[in-house]
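Subject: The structure for you to look at

Hi,

Here is the structure I promised to pass on. Have a look at it first, and then read on for what turned up.

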Amino acid sequence: MSRDPKKKPLTVDQKRYSELVNELVPKPLYLRNAIMAFVFGGVVCIIGQFFTDLYKISFKLSSTEAGNPAVATMIFLGALLTGLGLFDKIARYGGAGLSVPVTGFANSVVASALEFKREGLVFGVGSKMFMLAGSVITFGVVTAFVIGLIYAIFIL
Amino acid sequence: MEWQTYMMAFLVGGAICVVAQLILDFTNFTPGHVLSAFVVAGGILGGLGLYDKLVQIAGAGATMPISSFGNALVKGAMAEAERNGVIGVLTGMFELTSTGITAAIIFGFLTALVFNPEG
């Protein structure tokens with residue numbers, strides 16, 4: 001916590017108090033979190049790779065084409081795990097390993113939809129579904145629009 | 001389908017997630033900030049043609065993280081721009097990402113109908 005320098009200097013009691021707070025506030029377990037995110041994120045991608053290969057072989061698609069149904073499958077799994085209440089339990093260990101892959105995108109959509117379900121299907125589920133995931137779409141589209149425009153005007 | 005593909009998917013996918021976890025732990029950014037930044041980063045790498053190279057190396061390790069959403073948006077806009085000029089940027093935007101968004105809406109809606117929030 002940074003303090004305004006113009007304010008009065010800390011009294012001895014306040015100093016001891018803030019030292020105590022700093023000691024007691026839990027620090028994130030950086031190394032543990034990083035390893036868990038790596039392992040969980042890697043495993044999610046391996047599952048995604050498995051579905052990509054599965055669709056590639058069973059529907060005779062190219063690797064790029066097979067990526068689409070694989071992403072849809074992962075979104076389905078993320079949505080299902082969220083609905084069953086299991087996603088948060090796994091994400092407690094996996095952290096960013098679960099929220100960065102598309103499973104996390106699905107989780108944010110379903111979590112918002114469920115949270116606002118009691119406000120009704122239209123104003124609750126329908127409107128609030130993208131409350132968290134909306135920013136990802138907005139910033140993605142804005143980025144793609146700017147890059148596409150630069151490409152269309154200056155490079156083509 | 002070789003084991004090397006799976007190893008690369010694990011390593012690259014895991015590495016992307018670690019970067020996000022470290023940003024979350026060491027800064028005050030929320031997951032929403034980090035995911036938005038990853039989509040923007042994926043879009044920029046896609047515009048430079050670098051993200052496709054990563055996909056070639058890592059397969060699902062690059063297509064599963066949310067950054068591939070930005071890449072797919074940019075690629076759709078650029079591919080259609082090649083055919084239809086500036087208008088193509090608008091019409092091609094969701095050409096490749098339609099799967100992800102449609103799946104998220106459909107499965108999200110159905111899940112919300114079937115399940116109830118806890119507590």
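Let's start with one spot: A:Lys60 sits in the loop of chain A that runs between α2 and α3 (63-83). Bear in mind that this is a predicted model. What is the phi of A:Lys60? It is positive, about 55 degrees, although the residue is not a glycine. For background, most residues other than glycine have a negative phi. Is A:Lys60 buried or exposed? A:Lys60 has 9 other C-beta atoms within 10 Å, and because 12 or fewer counts as exposed, it is exposed.

Staying with chain A, UniProt has an unreviewed entry that places the feature "transmembrane region" at residues 29-50, 70-87, 94-114 and 129-154. I looked at two of these stretches in the model. Residues 70-87 of chain A are 83% helix and 0% strand, with 19 Å between the end C-alpha atoms. For residues 94-114 of chain A the figures are 86% helix and 0% strand, and the end C-alpha atoms lie 22 Å apart.

Now chain B. It has 7 helices and 0 strands, so to speak a plain α-α-α-α-α-α-α run from the N terminus on. Its C-alpha trace spans about 50 × 40 × 35 Å along the principal axes. Of the 119 residues in chain B, 53% count as buried. Among the contacts in chain B with a separation of 6 or more, 61% come from residues 24 or more positions apart.

How do the two chains meet? Chain A puts 64 residues into the contact and chain B 61 residues. On the chain B side, α1 (3-26), α2 (31-47), α4 (60-63), α5 (67-84), α6 (86-92) and α7 (98-114) each supply at least two residues. The most comes from α1(B), with 16 residues. Sorted by class, the side of chain B that touches chain A has 39 nonpolar, 19 polar and 3 charged residues.

Cheers

Definitions and conventions: Residues are numbered from 1 along each chain as its sequence is written. Chains are lettered from A and ligands numbered from 1 in the order in which they are written. This is a predicted model: local features need pLDDT of at least 70, side-chain atom pairs count only at pLDDT 80 or more; totals for chains, interfaces and linings use all residues. Two residues are in contact if their C-beta atoms, placed from the backbone, lie within 7 Å. Helices (H or I, at least four residues) and strands (E, at least two) are DSSP runs, numbered from the N terminus. Ala, Val, Leu, Ile, Met, Phe, Trp, Tyr, Cys and Pro count as nonpolar, Asp, Glu, Lys and Arg as charged, and the others, Gly among them, as polar. A residue is buried if 20 or more other C-beta atoms lie within 10 Å of its own, exposed if 12 or fewer, and partly exposed in between; C-beta atoms are placed from the backbone. UniProt positions are given in the numbering used here, feature names are shortened, and annotations may be inferred rather than shown by experiment.
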